[in-house]
Amino acid sequence: MSERVAPLLDVRDLNVAFSGERGTVHAVNGVSFQLEAGRVLGLLGESGSGKSVTMRALLRILPENRARISGSIHCNGRDVLALNRRDLNSFRGGDVAMIFQDPGVALDPVFTIGNQIADTVIRHKGVSRQVARARALEMLDLVRIPSARRRLDNYPHELSGDMRQRAMIALALSCSPRLLLADEPTTALDATVQIQVILLLRELQKDLGMAAIFVTHDVGVAAEISDDIAVMYAGRIVELGPARDVIKRPRHPYTRGLLASTIHAESHGARIAGIPGSPPDLARLQEGCAFAPRCTLAGPECRLKGPELAQDSPGHHFACFRSMP
Amino acid sequence: MVRYILKRLILSVPIALAVSVLCFVLVQLAPGDPLSLVLPADATQAMIDQTKQRYGLDKPLPLQYLYWLGNILTGDFGTSISTGRPVLSEIGIAISYSLALAGLASLFGLVLGITFGFVAGYRIGTPTDKIVSAIAISGVSVPHYWLGMVLVIIFSVNLNAFPAMGAAPGAHPGWLEQLRYMMLPALTLAAMPMGIVTRSVRALVAETLGMDYVTALVARGATPFDIFLHIAKNAAPTALAVIGVQMGYLMAGSILVETVFSWPGTGLMLNGAILQRDIPLLQGTILVLALFFVVLNLIVDIVQPLLDPRIKRT
Amino acid sequence: MTLAFDPPVARASLGYWAGVSRRLRRDTVSMVCLVVLLLIIAAAICAPLIAPYDPSVGSVVRRLRPVGTPGHLLGTDDLGRDMLTRLLYGARLSLIMGIVPVCIALVIGGSLGMLAGFVGGRVNTVVMRTADVFFAFPSVLLAIAIAGILGAGVVNSIVALTIVLIPPLVRVSESATAQVSALDFVEAARASGARDTTILRVHVLSNILGPVLVYTTSLFSVAVILASGLSFIGLGAKPPTPEWGLMLNNLRNAIYSQPLVAALPGVLIFVVSLSFNLLADGLRSAMDVR
Amino acid sequence: MSARPILSVEGLSKQFVLRSEGFGVPPRTVQAVSNVSLDLGEGHTLGIVGESGCGKSTTARLLMGLIRPDAGSIRLDGREIDRSARGLTEFRRYVQMVFQDSSASLNPRLTIEASVMFGPMVHGVARPAARAIAHRLLDRVGLEPMRFAGRYPHELSGGQRQRVNIARALALEPRIVIFDEAVSALDKSIEAQVLNLLLDLKADLKLSYIFISHDLNVVRYISDDVLVMYLGEVVEYGPAASIYARPTHPYTRALLASMPSLDPDRRTTAPPITGDPPSPIEPPPGCRFHTRCALADEVCRSAKPASSSCGAQHFVSCHMLDPRSGHRQAGQP
């Protein structure tokens, strides 16, 4: 059995550009990665780094008239960018499900939680409403919503923020997707609730054998949940590797800066050696490494040509000409 | 829910009272002796005294108001000067004509407005949207009394398709005949609500389409029809409120249009009352129309939470 | 703190209103509307200079001539008066009756709404509940009722329209003010120790001006229709004064013989009202930045 | 708290009355802040942490004199603040605030220069002098006046806007600056830059800070003293070092344990606490934390815990600290 199994998700040279009034915004620039079944990839980056856009491109839910997607996305044996309307609808929610940052606006306010889950189940599994309702109840129990039966008939605004996010997770998992896309699902939550949701997601992901991509701007959250971490900057993956390697032995200067900027227990008193300057304007990206203007290591070659991802140790890649171990 | 309805009902009492005060005060603004307005010019002294007492005009203003209100509450709106019949019965006949006209016009306005609104909202920025929006803004901007004339010129004078004037003659005209007479005034009246409903539904649909929960629906593989249902349910409460208010405006806005078409409703009556300075009739009609508007708002306020779980009903 | 020099004034970027005006100037529809309105206003002002005839003098032998008659480009009315002349003169009264009430209502309603929205509490309750009572009347009905009771006349119509237009302006300016007042920069200004009047002037007014202006522009459209409507049913201008609504009413019987001539005054009301509405839309989108 | 207190607060309380929801229904109240006492040492930073609805922002607004407390006293340099219009204007010169939402806290119609100039001009500084102050401060917070002074807020990034807000707060030469979640909305790399700036400004201008945040790591980083709030009440208060070394209140411990570990080899395994904070509308009786506390006992449901000392200047409001409270684990936390 030397034949390699195709990964669940294979993204190659993904580019997303938006045309708008201010010209073309290059949100994602040549992103490639693979994800195997049952593994969790943490997509780490600051605002405007292209992580959310990448996720939306995977499901093709970007505004069609403004977004240009190129490259290739293969997921669960399907060529996503080539899917027709019908197959796309069964792919979305069926093979791949997504949870959003703010459940307060990602759940339809005028439909009950139970109906929103049931509708999705009916759509994908073609079961009766009764069976679908039973499935909805089962899902609410699974995400540990107390008195789940009563909650089925609640509207989103009648739930607390914590329960809304759990309901959103239940909704996403109701059709047993192979891949879960989580777009900053804990950012809007309180600290004590965030850790509960992270643990719940970690447990469900293992039990159900799903693969997941977990988008976050918080190194701590990424460290808690990811097997692998991909660090994004200006629409590119600048570092990709096992979570332990990326956090303990970061190679890209941006990753290092980000880690230094992340205040943790040991930081007290000392000045933070962060990253100077601010992220580039994606409508006016220059040639060369996008991080070069903020990089203390940058040399003349960095401004001429963008570095490609190169392997450091097995599975650990980074894109920098000048980084020393 | 019962509590909410009760609360809303109780809240409309002070509004209705304030409306009656305004109607009462309005007449006090009229130049000249109020009595001369109520009585025919050749009234005898006995008649004057009798009326004075009957309406309590010898009392101070607040008391006069209470007198007047008492009469209203017992159904005595006074007597029309021009016809000599009780105001209430005059209004009763006219209002049924106005209601029929406003009802038909609302129906036209609603159906066209919602259809246009959805079409434009779904295709915002496209030529279709631009054409529909142009129709809508024309509907809002057109002087309806003029539109009535134009429709008469086209459909009555040139095409001879619909009658230009009045209601169907005879004691019991057929439905179809009645409808033929109502066609032009109803279409005229429908222009404004059509425009307003189109514009608000369009904005609503476009806004809803941009909501995260619609993106989330797409991400769960919802078909365009599923999404349409979600949008419709989200837009319904607001659309209802717009339509309710428009229907009220139609009842009142028909004054000019009824004049153009000589439609025997409250508007035409009001116009006559103004020209003949028939103050009791004028006051009564305004009060009834305003109260009708208050009731309409009440209905909207009660129905809206039924459609919209976001509005808390305690 | 003493200062040895006046510091250099930094490069100012494009202000908000400069941006709005630039975006508005790029919008063809708005510009056409603005030109049309300005032309009509100019024509109304210059009516005595450009009108070919006397608006009140007609000739029985030249009654109801069609559009395009030599010497009477837009025909003549039922009393043989030149339509073009009367339309030009009519614009004066029609525009005054439509525009003046909105301006008065803007001052009164706008300040009342600002006060209610900023002060809140009991003041707000009193102002807004009073406005609610007026909202219980459909505006057309209220305008006609007031004008009807006060008696026909231009001044009475203006009074009636002003009363009708105040409550909606109160409501718009109140809600805009309340929204702005809830923002942190108002709190920050208060934290710098600024007085309420200063906050209103510097921080609130500049932010509510946009929405109130858009609404006012669309009110011009409503008011022009309503004003001519009052004249149409005999409550506004009195014959023989030329006014579009009144002219429309006088020509009602002419629709069988000269439909085009009869419809002309209405066309002008429509054009003015439509222009104001389109301009309001253009302004709204020009002000809509992110 | 060795330094002389510049601001002392005692027994500060504020409740908001919600609109009645119907006839016969008594209006509900939000106990936003109850009985909060604190001291801000001269030149110190006091951190206030807690989750949503814990009353952090209300506390900030009370300290600013923006809302009037129901009870309690606020002393600046030992003098009770004068609540007349004039007194408040004077007081606000000394206490300024930076808000969380960098764009809502700047007037979109004013250039950033004008925003910074506004405060001094209100206090009677002439326009050219105010402009000079604004330029100096913009320069100080890292925004070159020649490039930025004439810009409008929407032309700036979030981090730059927050720098403007800091400059604006400093324009009145305050002695105390309150930061209400002022860095929470910023990206990590920008947050670090702003925190560095805050430390520099504090040293240069001899400022005292009150730093409000939900991020325990940031609060620990910047604060000398820390106050932990839960549903409007202070549950633990003391020197940062002491609190982080020996967190004593069950809530403080849960909060600390909820912070992600930053080490993939030492992940959090069990949630330190379940559920989410209850609504501050009609909070639970007794100890407000008892509904989520694993150690809650009978007494916690009925009686409010008193503040007990558990080390130098370190206070905790928990029945377990009070040997006479009747809690079964009293005296052995």
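Visitor: What makes the place of B:D212 a helix?
Guide: Helices are DSSP runs of H or I with at least four residues, strands are runs of E with at least two, and both are numbered from the N terminus. B:D212 sits in helix α9 of chain B, residues 212-219. This is a predicted model, where local features need pLDDT of at least 70, side-chain atom pairs count only at pLDDT 80 or more, and totals for chains, interfaces and linings use all residues. Residues are numbered from 1 along each chain as its sequence is written, chains are lettered from A and ligands numbered from 1 in the order in which they are written, and side-chain values use heavy atoms, with hydrogens and water left out.

Visitor: Why is B:D212 called partly exposed?
Guide: Buried means under 20% relative accessible area, exposed means over 50%, and partly exposed is in between (1.4 Å probe, protein chains only). B:D212 has 31%, so it is partly exposed.

Visitor: Which residues does B:D212 touch?
Guide: Leaving aside residues up to four places away in sequence, B:D212 touches A:V105 and A:A106. Contact here means heavy atoms within 4.5 Å.

Visitor: Why is D:E173 called exposed?
Guide: Its relative accessible area is 56%, so D:E173 counts as exposed. D:E173 lies in the loop between α6 (158-170) and β7 (176-180) of chain D. Its phi is near 50°, a positive value in a residue other than glycine.

Visitor: And D:E282, what is it called, exposed or buried or partly exposed?
Guide: With a relative accessible area of 48%, D:E282 is partly exposed. Phi of D:E282 is near 50°, again positive in a residue other than glycine, and D:E282 belongs to the loop between α10 and α11 (298-302) of chain D.

Visitor: Why is helix α10 of chain D said to be largely enclosed?
Guide: Six of the eight residues of that helix (residues 250-257) are buried, so the rest of the structure largely encloses it. The buried ones are D:P250, D:Y251, D:T252, D:A254, D:L255 and D:L256.

Visitor: What covers the buried residues of α10(D)?
Guide: The cover includes α8 (191-208) of chain A, along with α8 (216-222), β9 (225-230), β10 (233-239) and α9 (240-245) of chain D.

Visitor: How do you know which peptide bond is cis in chain C?
Guide: Look at omega: from C:P239 to C:P240 it is near 5°, and that bond is cis. C:P240 is in the loop between α9 (196-232) and α10 (244-250) of chain C.

Visitor: What do chains B and C consist of, by element?
Guide: Chain B has 12 helices and zero strands, and chain C has 11 helices and zero strands. Of the 314 residues of chain B, 49% are buried; for the 290 residues of chain C the figure is 56%.

Visitor: How big is the area buried between chain B and chain C?
Guide: The size of an interface is often given as the accessible area lost when the parts come together. Buried area is what two parts lose on being put together (1.4 Å probe), summed over both. Between chain B and chain C it is about 3,800 Å², with carbon and sulfur atoms giving 80%. On the chain B side, B:Y145, B:W146 and B:M149 lose the most area to chain C, together 17% of what that side buries. The contact takes 44 residues from chain B and 39 residues from chain C.

Visitor: Why does the radius of gyration of chain A agree with a compact globule?
Guide: The radius is taken over C-alpha atoms, and the globule rule is 2.2 Å times the number of residues to the power 0.38. For 325 residues a compact globule would be near 20 Å, and chain A has 21 Å, which agrees. Its C-alpha atoms fill a box of roughly 65 × 55 × 50 Å along the principal axes. Chain A has 11 helices and 12 strands, and 58% of its residues count as buried.
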